[in-house]
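Let us read a structure together, one feature at a time. Please have the sequence and the 3D view open.

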Amino acid sequence: MPSICCAVGCNNIKSNKDGHIFYNIPKNTERRPKWIAAIRRNRWTPTEHSRLCNDNFISGVPRMALSMGGRDCLRAGDTCSSDDTCSPRLRTLRQCVAGDGSVKLGPGARNQCENAMTALLSTPLHGCQCKRGMKKEKNCLSIYWSLHQSVLHESEVTTVNRCLDAAKACNIDETCQKLRTEYVSACIQPSARSGPCNRPKCNKALRKFFDRVPPDYTHELLFCPCTDTACAERRRQTIVPSCSYEDKDKPNCLAQLRICKADYVCRSRWAQFQYDCQPAEQSASGCKQENYGSCLLAYTGLMGSTITPNYLDNSTSNVGPWCSCVASGNHREQCNDFLTFFHDNVCLKNAIQAFGNGSDVKTGASQPGMPSPATDNQSPHLATTAPGVSMETEQNILRAQIPTQVNENDRLWGNEVDSTFPSPGLPGHGAEPVRLSLLLGLGWLLLLLLSDQ
């Protein structure tokens, strides 16, 4: 009976023609659970006949380097070399695979090599290939093996690194790997018009990634727990902050918020974030809605907007947008309230911490039956329970759904042609005036008939 790859969505069959290599699931008690988790099959237990082909490996064993297709490692190497963030990591990795790499890098060589390798897994270098007999084939292969040779001894590492595991899991999943590569490429690719960073293109690709990839992958990449600064810096670099987040000078927060509110999508995401991450100190969870999963989902919804949040440094888990309250004038207090909703939000902090230690209160987005904010400037203000903080929350609850979740059959406003349909959120008395008019008309007609007699 031929061996079939056990990875989800992989139909490779063992034969001598296609060149695929199949591997047994390890019996080692430390490595076996990692393999099973990476394969991501629900309620699945491998048997002695289970095999995994080389197409699904991102470490341990490299993919086939001499294939006839795939991304060109020479071009990927040129793109990396022109990027100020990617280039030094590639140099570090090449020193790691050299014979005297440990001497050049010093006592922390292993940690530096692991950090460089992890960071490069999210660049176009990962998955690049070389054509047999191509021009500069040797140069192409040197780039290929610089990345893959450094991970050949992964089995020696026994510590669990959830951030590293999250990157590997994303690279195994086709959608996650594809969209992550797209946004990283968009964020590091220079433009003649925009310079080294094409921010609109980068943010568009970033929004696409967080909107289309399941939270099982995005949340692990963004909220994985870290115990050292190197891990925290890798986590902070998840959204390529040099393009999607940071700038030379910090803009005014209220100016960024005004731009956000002028865009219907960003305005809705901001309102949803205020609702789902509304703090409540009297609550045990710190959240008024008692749902950490919804808070984290609303937080990731801001990615790629003008108020994109990120980790402020690599020593804490504090988050916030890249802006300041300088030159806010008479609106300084309002600006500080905006930043406080990120910096001192007990609900958001507890949600991130709970995800890291696995003690989530609830998971998933708000249920359709729960009130969610719509966006209306005339809406009432909701005050957060944080001391001294008054946050304007646009919460005119006309529907039990946010604007981006409204069903096709739902009406936001009544149609002029059909005036008997009730407006959403208002009492359904649209048909009553029509019935009353009919009754009055019949009454007058009856009186006229009686008077004629």
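**Reading burial, helices and cores**

F341 sits in helix α16 (residues 332-343); helices are DSSP runs of H or I, at least four residues, and strands are E runs of at least two, numbered from the N terminus. This is a predicted model, in which local features need pLDDT of at least 70, side-chain atom pairs count only at pLDDT 80 or more, and totals for chains, interfaces and linings use all residues. Residues are numbered from 1 along each chain as its sequence is written, and side-chain values use heavy atoms, with hydrogens and water left out.

Q: Is F341 buried or exposed?

A: Buried means under 20% relative accessible area, exposed over 50%, partly exposed in between (1.4 Å probe, protein chains only). F341 has a relative accessible area of 3%, so it is buried. F341 and G320 are 21 residues apart in sequence, and their C-alpha atoms are 8.7 Å apart.

Q: What span should helix α9 have?

A: The expected span is 1.5 Å times one less than the number of residues. Helix α9 (residues 199-212) has 14 residues and should span 20 Å; its end C-alpha atoms are 20 Å apart, which agrees.

Q: Which residues of α9 are buried?

A: They are C202, N203, A205, L206, F209 and F210. These residues cover an arc of only 165 degrees around the axis, so they lie on the same side of α9. The arc is that of the directions from the helix axis to the C-beta atoms. On the other side, P200, K204 and R212 are exposed.

Q: What covers the buried residues of α9?

A: The cover includes α7 (162-172), α8, α10 (215-223), α12 (241-244) and α15 (292-300). Eight of the 11 residues of α7 are buried, so α7 is largely enclosed by the rest of the structure.

Q: Which residues have the most contacts inside the largest nonpolar core?

A: In soluble globular proteins, nonpolar side chains tend to be buried together. A nonpolar core is a set of buried Ala, Val, Leu, Ile, Met, Phe, Trp, Tyr and Cys residues joined through side-chain atoms within 4.5 Å. The largest has 58 residues; F209, W270, F273 and F338 have the most contacts inside it. Helix α8 (residues 174-188) gives the largest share, seven residues. Another core, of 20 residues, lies apart from it and includes L74 and C140.

Q: Where does pLDDT stay under 50?

A: pLDDT is the predictor's confidence in each residue, from 0 to 100. One such stretch is residues 151-158. Residues 405-431 are also below 50. The protein chain averages 74, and 67% of the residues score at least 70.

Technical notes: Contact means heavy atoms within 4.5 Å.
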